[in-house]
Amino acid sequence: MKFQSLLKDVSYTGVLPEIEITDLTADSRKAGPGVLFVCIPGERSDGHDFAAAAAAAGSPAVIALRDTGAPVPHILVKDTRFAYALCCANFFGRPAERLRLVGVTGTNGKTTTTTLIKEILEYNGHKSGLIGTIANMAGSKVLPSHLTTPEPYEFQQLLKTIADEGCEFAVMEVSSHALAQERVAGCHFETAVFTNLTQDHLDFHKTMENYLQAKEKLFSMCDLGIVNVDDDYAAEVIRTAKCKIQTYSARYMNADYTARNIKLKHDGVDYEMVGNALIGRVSVPIPGAFSVYNTLAAAACAVSLGIPLQQVLAALHQVKGVKGRIEVVPTGRDFTVIIDYAHTPDALEKILKSIRGFAKGRVVALFGCGGDRDKTKRPIMGMMAQQNADFCIVTSDNPRTEDPQAIIDDILPGMDGDSAPYVVVPNRKEAIAYALKNAQKGDIVLLAGKGHEDYQIIGREKHHFDEREVVADILRCLPAHGEE
């Protein structure tokens, strides 16, 4: 590709050399002949410090914020992250322009909501791609997934694959990190959804204000924003939005779409969806009050994209849920095990309250907190677990480079001796074994935090750890109640 074509819509200074660019990268280890190197400042290192190494490897030019001293032409820009995103889009032929983009942002509910939107669209004959936490898909074709919203090169490559597979839509989770780091720069969304905002990722954003501002960027990149008006931050999202706004609510009757006469059951939710001169009965086999919000958001989004309401309702009636989201694990015992990705205080509170609504016995919460992440939420996680469960087991999640016991020590100040009793079992497998060995008839044991993940990050390495397998292995060695 000609250098000039690669820089379409990128503002820069410098003289473009007459060269062919065969690839581009922000990782100096991937630099080589014909490979453009983009210098991006990171949290741990600065790409500008590796420009000379990229040049030595054969890169014919660099895009940078300043002159690095490397002996190759420099193209200077104001924001290398933004420039890199646009260059990646240009390199892959601007695949977003061949698709109708739908984005969902928020602390909780992104994965389920995007999955529901994709299922509704495909039920109605619209082949769609999915980009998100659990999987990337092009129609029924499953593609690798590493980040909620991939880095620009992988992101644009995914969009190209989705478009090349003949998809009409690309439905994606848009994380706050991705928005702050310009990973989706240059994309324009037909519809964007705001689910909620609760404390998370403050290790990166530092303040809730910064976290909110990152989310708000999506609503300057779309035609229509669909906002959960029940959320405390909704008013600010609406105030700053540069697009048309529609709202949804399970509380306020003046929202554009409302859920009325809600019935929460052990095996799903039912409610009437009312709005924009439309009314229909939603029946979804996914339990939990949050399922009302996820399905209402997905339905409102689908209607905005032109799907008739009755066809939306028919699609929702046959959905099967999402792996790691209130997922019931087969046990063959007189107690129930549920796996859920809840890893924020708000998500943990909501899943426990939902389980409380249909539990016949005790609600047992097994949870931990991720290492190298927001420490301020740890005692809040402990408080939420203790306030909403009958018994708690505090353990590890993904400790990463932190000492698991140190993480637990940050959780425990949020727990007291007057609420639900708790035990500490730092090893997660041993904690699950403790939970299963001590489960009583009618109990619901919630394994919170891992969800769809089939690994545990200890140090900087991923170790295979699928809680479904762990539960099955433990139960094989555990006698049923009444047996010796």
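Predicted model: local features only at pLDDT ≥ 70, side-chain atom pairs only at ≥ 80, totals over all residues.
Me: Which side chain of opposite charge is nearest to D230, and how far away is it?
Reply: D230 sits in the loop between β11 (222-228) and α9 (234-240), where helices (H or I, at least four residues) and strands (E, at least two) are DSSP runs numbered from the N terminus. The residue is buried, a term for under 20% relative accessible area, with exposed meaning over 50% and partly exposed in between (1.4 Å probe, protein chains only). D230 has no salt bridge, defined as a side-chain nitrogen of Lys or Arg within 4 Å of a carboxyl oxygen of Asp or Glu. Counting Lys and Arg as positive and Asp and Glu as negative, with His and the chain ends not counted, the nearest side chain of opposite charge is R251, at 4.1 Å.

Me: With which side chain does the side chain of D230 make a polar contact?
Reply: A polar contact is a pair of N or O atoms within 3.5 Å; within protein, one must be able to donate a hydrogen and the other to accept it, and residues adjacent in sequence count only if both atoms are side-chain atoms. The D230 side chain reaches the backbone nitrogen of R251 at 3.4 Å. The side-chain partner, at 2.5 Å, is S249.

Me: Which residues does Y252 contact, leaving aside neighbours within four places in sequence?
Reply: Y252 is found in the loop between β12 (244-249) and β13, and is partly exposed at 40% relative accessible area. Its C-alpha atom is separated by 8.2 Å from that of V229, 23 residues apart along the chain. With contact meaning heavy atoms within 4.5 Å, the residues touched by Y252 are V229, D230 and T258.

Me: Where does N261 lie, and what is its phi?
Reply: N261 is exposed, with a relative accessible area of 52%. The residue belongs to strand β13 (residues 257-265). Although N261 is a residue other than glycine, its phi is positive, near 50°.

Me: How many residues apart are D9 and R94, which meet in a salt bridge?
Reply: The side chains of D9 and R94 meet at 2.6 Å, N to O. D9 is in the loop between α1 (3-6) and β1 (23-25), and R94 in the loop between α3 (80-91) and β5 (100-105). D9 is exposed, at 54% relative accessible area, and a network of salt bridges links D9, R94 and E97. The pair D9 and R94 joins distant parts of the chain, 85 residues apart.

Me: Why does the salt bridge of D390 with R356 tie together separate parts of the sequence?
Reply: The closest N and O atoms of D390 and R356 are 2.9 Å apart. D390 is in the loop between α13 and β19 (391-394), whereas R356 is in helix α12 (residues 345-356), so the parts tied together are separated in sequence by 34 residues.

Note on methods. Residues numbered from 1 in each chain as written. Heavy atoms only, no water.
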